[in-house]
Amino acid sequence: MRDEADLIREAARGDAGAFEELVLRKRERVVRTAYQITGDLEDARDVSQWVFIRLWKVLGRFDPGRRFDTWLYRITVNAAIDLLREKGPRGTLQPLPEDPSALPADGAPSAEHALDLKELQRAFLRLASRLAPKQRAAFVLREIEGLPTEEVARALDVRESTVRNHLLQARRVLREGLEREYPGLVPPELRRPRTEGER
Amino acid sequence: MNGHPDPLGIDDLDEGERREALEHLGRCEACRKEALAGDASRLFALLAARPVQLDVLDQVSAGVAAAIRGESFAPRRVRSSRFRTASAWAAAATLAAALLVPLAGRLQQPGRDRAAAAPAAAPVPRAGVQLVASPGPIQTVDLTVGETQLVMIFDPRLEL
C-alpha cells in the first residue's frame, strides 16, 4: 500500500490514478461526515462528489506541513453546511440503510437488539436536526470522527473555546431531547440527574 | 477488544481502538445502557460509526472519476447547483453508453435488415464518439452512428 503523503504529492501533480486511490481511502469518512451534517444520504453523496472534485482542483495548494484530514474535513463541513442552509430545515431524517456487512462479527444481532439500534438512530437523527449547523458539525467531528478539539477548531475555523461551547450545547440538546421525547429508550434507573446549571 | 470498554474513556483511545470500542457498544446491551446513561453523545457516536453502504461509496468514486477524467469539468457559478454537476457528468456518460451500445449492436448484425439493405452500394456507416470543440464551458459530443445522428450538448450552467 502506497504511503498517503506520496499519494497526495502524486495526485497534486495531476496523477488521476493516485487521486482515485486517495478517494478510495477517504470516501467513507467524507460521506459519513456529510451525511451526519445533512441528514440525507443522497445529499451526502452529492456533497462528497463535489468535495473530491474540488479537492482535485485545489490539491496543488495543499501545504504538506499541515494535516491533510483536517483540510479535507474543512472542505466537507463547509460544503455540507452550505447545502444545509440552502435547503432549509428538514422534516424526518432517514437512518442509514442496513448494511449486511455491518453486522457484528460474532453473529447476527437479535431482533430486539436491531430494533433498539434502529429506534435509537431515528431518535438521534431527529434530535440532531435541531442543532445549528456549526453545532452539529462540531459534534460530528469531535464525537463521531474523534478529532481532538484543536483539530475541530481548525476544521471549522473557530476558536477552541467556541468548539467547546458548541459541544456543550449539542450534548445538552441531545440528552434533554432523548429524556423528554424518548423516555422509553433510557431506563429510569439509568437517567442521569441534572446538574444545577442544566435546570 | 476483550472485556467492556469504559464509555467515558473512549475519547482517550486511538482511532482503531475507538472504533473497536464503538463496535462493542453496538453488540453489548449492558455497555449501551451505560453509555446512554452517562452521555447521550456516546451513543450517537456508536450509531454513526456504522459503515456507509458500499454501493453509495462506489457511486461517489464513479462520479469523481468521470468528472476528473473528463478534464473539461468546470465548477458551476451558481453555488446552489454545484453539488449536482458531478452527478450530471456521470449521468451524461451513462446516457451516452446506453445509446451507443444498442446502436453499435445493430451495426454488427448486417443480416437483421437484409431486405432493406442495398447489396453493393450501401454506405459505410460511421460510428464513434467525437468531442466537438466548443467555446466556453459548453461541451458538444457527436454520437452519430450510421444514419442515426445524435449530438449531446452538455452545459454545466443549466439546471437539471
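Predicted model: local features only at pLDDT ≥ 70, side-chain atom pairs only at ≥ 80, totals over all residues.
Begin by selecting chain A. Eight helices and zero strands are found there, and along the sequence the pattern reads α-α-α-α-α-α-α-α. Chain A has 199 residues, of which 35% count as buried. Among its contacts with a separation of 6 or more, 64% join residues 24 or more positions apart.

Next, select chain B. Five helices and three strands make up its secondary structure elements, in the order α-α-α-α-α-β-β-β. Of its 160 residues, 24% count as buried. For chain B, residues 24 or more positions apart account for 39% of the contacts with a separation of 6 or more.

**Helix 2 and helix 3 of chain A**

Return to chain A and select residues 16-38, which form helix 2, together with residues 41-58, which form helix 3. The two helices pack at an angle of about 140°, and their axes are 8 Å apart. Angles over 145 degrees would count as roughly antiparallel, and those from 65 to 115 as roughly perpendicular; helix 2 and helix 3 of chain A are therefore oblique to each other. Their crossing is right-handed.

Which residues of helix 2 of chain A meet helix 3 of chain A? Select F19(A), V23(A), R27(A), V30(A), V31(A), A34(A), Y35(A) and T38(A) on the side of helix 2. Their partners in helix 3 are L41(A), D43(A), A44(A), R45(A), V47(A), S48(A), V51(A), F52(A) and W56(A).

Leaving aside residues up to four places away in sequence, A80(A) touches A34(A), I37(A), T38(A) and V47(A).

**Q36(A)**

Now select Q36(A), which lies in helix 2 of chain A. Is Q36(A) buried or exposed? With 25 other C-beta atoms within 10 Å, Q36(A) is buried, because 20 or more such atoms are required for that class.

**Helix 6 and helix 7 of chain A**

Move on to residues 133-144 of chain A, which are helix 6, and residues 149-156, which are helix 7. Here the packing angle is about 140°, with the axes 10 Å apart. Helix 6 and helix 7 of chain A are therefore oblique to each other, and their crossing is right-handed.

To display the contact, select K134(A), A137(A), A138(A), L141(A) and R142(A) in helix 6, and then T149(A), V152(A), A155(A) and L156(A) in helix 7. The residues of this contact divide into six nonpolar, one polar and two charged.

**D157(A)**

Finish at D157(A), in the loop between helix 7 and helix 8 (160-181) of chain A. What is the phi of D157(A)? The angle is positive, about 60°, although D157(A) is not a glycine. Most residues other than glycine have a negative phi. D157(A) has 10 other C-beta atoms within 10 Å and is therefore exposed, since 12 or fewer place a residue in that class.

Technical notes
Residues numbered from 1 in each chain as written. Chains lettered and ligands numbered in written order. Axes fitted to C-alpha atoms, helices over the stretch in contact; angles between N-to-C directions. Helix = DSSP H or I, 4+ residues; strand = E, 2+ residues; numbered from the N terminus. Parallel < 35°, antiparallel > 145°, perpendicular 65-115°, else oblique. Left-handed = near helix turned anticlockwise from the far one by under 90°. Contact = placed C-beta atoms within 7 Å. Nonpolar A, V, L, I, M, F, W, Y, C, P; charged D, E, K, R; others polar.
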